[in-house]
Amino acid sequence: MVSLDIECSEKGVLYSVGLHSEQDSRVIMIGAPVEDEAENSWVQWVDSEKDLLLALESWFIQFDPDIVIGWNVIDFDFRLLLKRAEWNKLTLRIGRGKQPPHWRQSNQNPNQGFITIPGRVVLDGIDTL
């Protein structure tokens with residue numbers, strides 16, 4: 001199981017993704033390493049938004065979580081991750097066997113969507129609580 005949290009600018013450009021599981025906890029962040037790297041060994045620095053998305057994809061391949069949880073993880077985090085992947089001309093392959101997720105927009109509510117990630121279950125705190 002992994003808890004997922006993203007941070008972005010006001011314009012929706014990603015600058016960090018936080019991941020927490022029993023096997024690994026880290027923040028993948030765009031920028032340059034700070035002076036004392038040893039104190040921030042949980043930060044994985046990348047050069048660009050595209051590199052952030054590729055690092056996220058690699059994390060899912062390496063740690064292979066069964067369950068992804070978060071607060072508004074479907075209608076904010078995954079919606080934005082997929083939009084930014086599309087903008088960067090990437091197919092975000094975070095499903096089992098490097099399969100891409102499938103996004104479906106609600107017919108009744110334009111602010112609600114659904115995500116299917118092959119081999120994984122996504123539990124959104126808003127919906128499950």
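The paragraphs below go from the overall fold to the aromatic rings and then to the pocket.

This is a predicted model, in which local features need pLDDT of at least 70 and side-chain atom pairs count only at pLDDT 80 or more, while totals for chains, interfaces and linings use all residues. Residues are numbered from 1 along each chain as its sequence is written, and side-chain values use heavy atoms, with hydrogens and water left out.

The chain has three helices and eight strands, where helices (H or I, at least four residues) and strands (E, at least two) are DSSP runs numbered from the N terminus. Read from the N terminus, the order of these elements is β-β-β-β-α-β-α-β-β-β-α. The radius of gyration is 14 Å, close to the 14 Å that the globule rule gives for 129 residues, so the chain is as compact as a globular protein of that length; the radius is taken over C-alpha atoms, and the rule is 2.2 Å times the number of residues to the power 0.38. Of the 129 residues, 40% are buried, buried meaning under 20% relative accessible area with a 1.4 Å probe and protein chains only.

Rings of Phe, Tyr and Trp (its six-membered ring) pair if their centres lie within 6.5 Å, and planes under 30 degrees apart count as stacked, over 60 as edge-to-face and the rest as tilted. By this rule there are two aromatic pairs. In the edge-to-face pair, Trp59 and Phe60 are 5.6 Å apart centre to centre, with 75° between the planes. The tilted pair joins Trp59 to Phe63 at 5.0 Å centre to centre, with 35° between the planes. Trp59 and Phe63 both lie in helix 1 (residues 49-63), four residues apart, about one turn of the helix. Trp59 is buried, with a relative accessible area of 2%, and Phe63 is buried as well, at 17%; Phe60 is also buried.

Another ring contact involves a charge: Arg84 lies over the face of Trp87, at 4.6 Å from the ring centre, the criterion being NZ of Lys or CZ of Arg within 6 Å of the ring centre and within 35 degrees of the ring normal.

The largest pocket holds about 170 Å³ of space. On a 1 Å grid over the protein atoms alone, a pocket is an open set of points where a 1.4 Å probe fits, with protein on both sides within 12 Å along at least five of seven lines, and lining residues have an atom within 4 Å of a point; points are joined across faces, edges and corners, and the volume is the space filled by probe spheres set on them. Helix 2 (residues 73-87) gives the most to this lining, with five residues, and the lining as a whole includes Arg79, Leu82, Pro100 and Trp103.

Methods:
Buried means under 20% relative accessible area, exposed over 50%, partly exposed in between (1.4 Å probe, protein chains only).
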